[in-house]
Each structure stands twice: as structure tokens, then as C-alpha cells.
Amino acid sequence: MNSNIALKSLGTGLTVIGFVLLLGYGLYNFFTLESSPVLKVSIGAIVAGIAIVLLILIKEKLSVEDKETERKY
């Protein structure tokens, strides 16, 4: 295994682990601390909207790559 690939994998893994821990901590505080229901619904709607747009963009990107590979000579 190339050392660059190993370092890239390590960096990606640490980033994902850090993001998951931060997201978990934020969700824990979001649901356990007292706050307005309107605030909770609005934050939930924002997160859901971002997730939907992200999934649509990923789906479009994958379909475009499939078409591009067919045009290679």
C-alpha cells in the first residue's frame, strides 16, 4: 500500500469520525436542552432540506458520470 494512500485514508477516517462525533454531540444537546418548539422544527426543516438537496446533487453527479464514460473512444 502506498504511503500517500494510507495517509489519505487516515485523514478521511479522522475527518469522518470527528464529524460524526460533533454531529452526535449537537443532536444530543438539541434534543435534551430546553428550547422553543418552533426553533426545533425550523432547524429540522433546514437540515432536512440540505440533506435532500445534497442527495439529489449526488444522484445527478453519478448519472452524469455514467453518460460520460460511454462517450470515451
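Predicted model: local features only at pLDDT ≥ 70, side-chain atom pairs only at ≥ 80, totals over all residues.
**Fold and exposure**

The protein chain has two helices and zero strands. Helix α1 spans 3-32 and helix α2 spans 37-70. Of the chain's 73 residues, 0% count as buried. The chain exposes about 6,800 Å². Carbon and sulfur atoms supply 73% of that area.

**Largest pocket**

The volume of the largest pocket is about 160 Å³. Its lining consists of L23, G26, L27, F30, I43, G44 and V47. Two elements, α1 and α2, each give two or more residues to this lining. Helix α1 provides the largest share, with four residues. By class, five lining residues are nonpolar and two are polar. No charged residue takes part in the lining.

**Nonpolar surface patch**

A nonpolar patch lies on the surface, formed by V16, F19, V20, L23, L27 and F31. Together these residues have about 620 Å² of accessible area. One of them, V20, is found in helix α1. L23 and L27 belong to the patch and also line the largest pocket.

**Values side by side**

| Feature | Value |
|---|---|
| Largest pocket, volume | about 160 Å³ |
| Nonpolar patch, accessible area together | about 620 Å² |

In brief, the model pairs a chain of two helices with a largest pocket lined by residues from α1 and α2. The pocket lining has no charged residues, and the surface carries a nonpolar patch that includes F19 and F31.

Technical notes: Residues numbered from 1 in each chain as written. Heavy atoms only, no water. 1 Å grid on protein atoms, 1.4 Å probe; cavity = no way out; pocket = protein on both sides within 12 Å on 5 of 7 lines; lining within 4 Å. Points joined across faces, edges and corners; volume = space filled by probe spheres on them. Nonpolar A, V, L, I, M, F, W, Y, C, P; charged D, E, K, R; others polar. Patch = residues over 30% accessible without salt bridge, like charges linked within 9 Å, V, L, I, M, F, W, Y side chains within 5 Å. Areas by Shrake-Rupley, 256 points an atom, 1.4 Å probe, with all protein chains shown as cover. Salt bridge = Lys/Arg side-chain N within 4 Å of Asp/Glu carboxyl O. Buried < 20%, exposed > 50% of the residue type's maximum accessible area, 1.4 Å probe, protein only.
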